[in-house]
Amino acid sequence: MQRIINDPDQVVEDYLKGFVKAHKEIVSATGHPRVLKRVLSPQQGKVGVVTGGGSGHKPAFVGYIGRNLVDSVAVGEVFSSPTAKAFHEAIKAADGGSGVAVLYGNYAGDNMNVKMAIEDAGDDGITVKTVVANDDVASAPAAQRHKRRGVAGEVLMWKVGGAKAALGGSLDEVVEVAQRAIDNTRSVGIGLAPCTIAAVGKPNFTIADGTMEFGIGHHGEPGMFVQPIVSASEMARIALEKILDDFGFEHDERLVVLVSGLGSTPVMELYIFYDEVESILTAKGHKVDQAFVGNYFTSLDMAGVTLTVMKLDDELRELVHLSAHSVGFHQE
Amino acid sequence: MSEGFNEASGSIIVRDLIQVIHEQRAYLSEIDGAIGDGDHGINMDKGFTLTARRMEGQLLGMSESLKLLGDILVEEIGGSMGPLYGTFFKKMARVSKGIGVVDGRVLEQMLESAYQGILTIGDARVGDKTMVDTLDPALQALKLANSAGRGFSDALDAMVEGAHAGWQSTKDMIARVGRASRLGERSRGTLDAGATSCYLIIKTLAQSMKELSK
């Protein structure tokens, strides 16, 4: 393991310091060492938008603090949920008096800590509602959607929820549309090489040379199957097949496609992958209304890709297209 | 052996817990690495070590020490283990606050409250391959020993035996909650990390309480 670190047990503290220094026009520290907020947040009268999760997914989660996106973020250890206290402080940092929407991913730790934070925020008189992302189709069958993990589809949930809040939506409206965004979103990951938590020092799972793991999770959770590695076109075909089967589209749809690298895959290769994705969708009669290709939600130094597809309706389309700016996301 | 010990002189229990988690840091991470993400020992040790530093120079009773440990786990560790073990120790602290003498009955109430707290905050039940599989049989064994009128020392032994059997039973289970549940059948054949740390905690708790009761 060759890394640019000081103390492996202090990587989160250390990167946050650098992050705040580098992006001081957008983000600022708060009274809690594991909470960052937008410089301009909270905004009086606007619904606060909060997220949070373990570290190691750059630019998620702190990279989505910005204009028309997220107001504040609770930061956890690498691959480990933030504390209830951090979520509570993030909620306070985002509260402009109109309630706070916590939009996060479906993991046991996050669920528990958010639950505890909401109780504490209630004592402060802040109304909090949540949307829990569960876009990873490989993590549980369709009949058990509530068990599915949240992965890169969270980005689109934040985009939509953040836009609705920025346009003056009420807490109920923000939560409803963010829920609709994630309900209309499916993702699947393909892993090519494992990742290493610096404090552990070695990869905690393996992907044998010459193979790929289909359906891998954002922390290396095992996928659906391991098979010999195939071409970018073939990867795109099987990933899309899994997603489209799960959707069960009946019509030609307007779609958002998000292709995110898992950390160490060259962005160039993501475009090779995307080219095939759009070709297949177009051939099936769908229209890619908006594409995002890059490192949007990574897993340390894992190699591979996550494919995310969101089905649009008129309101979702308007919200996806609203301009936005953060460290990890830019929309004209 | 007398029946119980004075709560006010029981902070050594928490110091012993801190020591055992620190010693077993690598072992816990290794077990976690088999079907989890390999950081269980690291995260636990971080919280327990922090508690040791905060305890320095303070005269605390058992309840206050347990409360400090629980607060630190909830407020500074996060993950799944922060809220679960945080709740576990905070509940034990609340039940034993100002209790005077801690004996088998008091320990039963402490453990019962801690167990209920974990059931409330998490989704795990017996058989899901989690810390609950250690905790439930430990508590049942303690209850049985107490109601049979066995002495404190015997009750502590029974509790540890129950915890040990429960911990070992996780090896053949399929994980149904938490990160390892994504593995399905592949989670079988490995001990659960949370059940392991829970066994270490209960065993240490019993040893320390026996020492205090001498």
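# Close-up views of a predicted two-chain model

View 1. A:Val39 sits in the loop between S2 and S3 of chain A. The model shown here, as in every view below, is predicted. A:Val39 is partly exposed, since its relative accessible area is 35%. Leaving out residues up to four places away in sequence, A:Val39 touches A:Lys24, A:Glu25, A:Ile26, A:Val27 and A:Ser28. A:Ala283 is elsewhere in the chain: 244 residues separate A:Val39 from A:Ala283 in sequence. In space, their C-alpha atoms are 45 Å apart.

**View 2. The open sheet of chain A.** Six strands make up this sheet: the order is S1-S2-S5-S3-S6-S7, and the pairing is mixed. S1 (27-29) and S7 (128-133) are the edge strands of chain A. Each of these two pairs on one side only. From one strand to the next, the twist averages 25 degrees.

**View 3. Where S3 meets S6.** In chain A, S3 and S6 (residues 100-105) run parallel. They are joined by 3 bridges. Which residue of S6(A) stands opposite A:Gly48? The residue is A:Val100.

**View 4. Helix H1 across the sheet.** H1 of chain A covers residues 11-22. This helix lies across S1, S2 (35-38), S3 and S5 of chain A. H1 runs at about 145 degrees to S5(A).

**View 5. Two cis peptide bonds in one loop of chain A.** Most peptide bonds are trans. The bond from A:Lys58 to A:Pro59 is cis, with omega near 5 degrees. A:Pro59 belongs to the loop between S3 (48-55) and S4 (66-67) of chain A.

**View 6. A:Asn68, a residue with positive phi.** Most residues other than glycine have a negative phi. A:Asn68 has a positive value, near 60 degrees, and is not a glycine. Its place is the loop between S4 and S5 (72-78) of chain A. Is A:Asn68 buried or exposed? A:Asn68 is buried, because its relative accessible area is 17% and the cut-off for buried is under 20%.

**View 7. A:Phe79, past the end of S5.** A:Phe79 lies in the loop between S5 and H2 (84-94) of chain A. Phi of A:Phe79 is positive, near 55 degrees, in a residue other than glycine. The relative accessibility of A:Phe79 is 3%, so this residue counts as buried.

**View 8. The contact between chains A and B.** Chain A brings 29 residues to the contact, and chain B brings 26 residues. The area buried between the two chains is about 2200 Å². Carbon and sulfur atoms give 51% of that area. Which three residues supply more than any other three of the area that chain A buries against chain B? They are A:Met112, A:Met116 and A:Pro222, and they supply 23%.

View 9. On the side of chain A that touches chain B, S5, H2 and H3 (108-123) of chain A each supply at least two residues. The largest share of that side, 6 residues, comes from H3(A).

**View 10. B:Ser197 inside chain B.** B:Ser197 is found in H9 (residues 193-213) of chain B. This serine is buried, because its relative accessible area is 0%. Its side chain makes a polar contact with the side chain of B:His40, at 2.9 Å. Neighbours within four places in sequence aside, B:Ser197 is in contact with B:Leu28, B:His40, B:Met44 and B:Tyr85.

Methods: Residues numbered from 1 in each chain as written. Chains lettered and ligands numbered in written order. Predicted model: local features only at pLDDT ≥ 70, side-chain atom pairs only at ≥ 80, totals over all residues. Heavy atoms only, no water. Helix = DSSP H or I, 4+ residues; strand = E, 2+ residues; numbered from the N terminus. Buried < 20%, exposed > 50% of the residue type's maximum accessible area, 1.4 Å probe, protein only. Pairing = 2+ DSSP bridges. Axes fitted to C-alpha atoms, helices over the stretch in contact; angles between N-to-C directions. Contact = heavy atoms within 4.5 Å. Buried area = accessible area lost by both parts, 1.4 Å probe. Polar contact = N/O pair within 3.5 Å; in protein donor to acceptor, adjacent residues only side chain to side chain.
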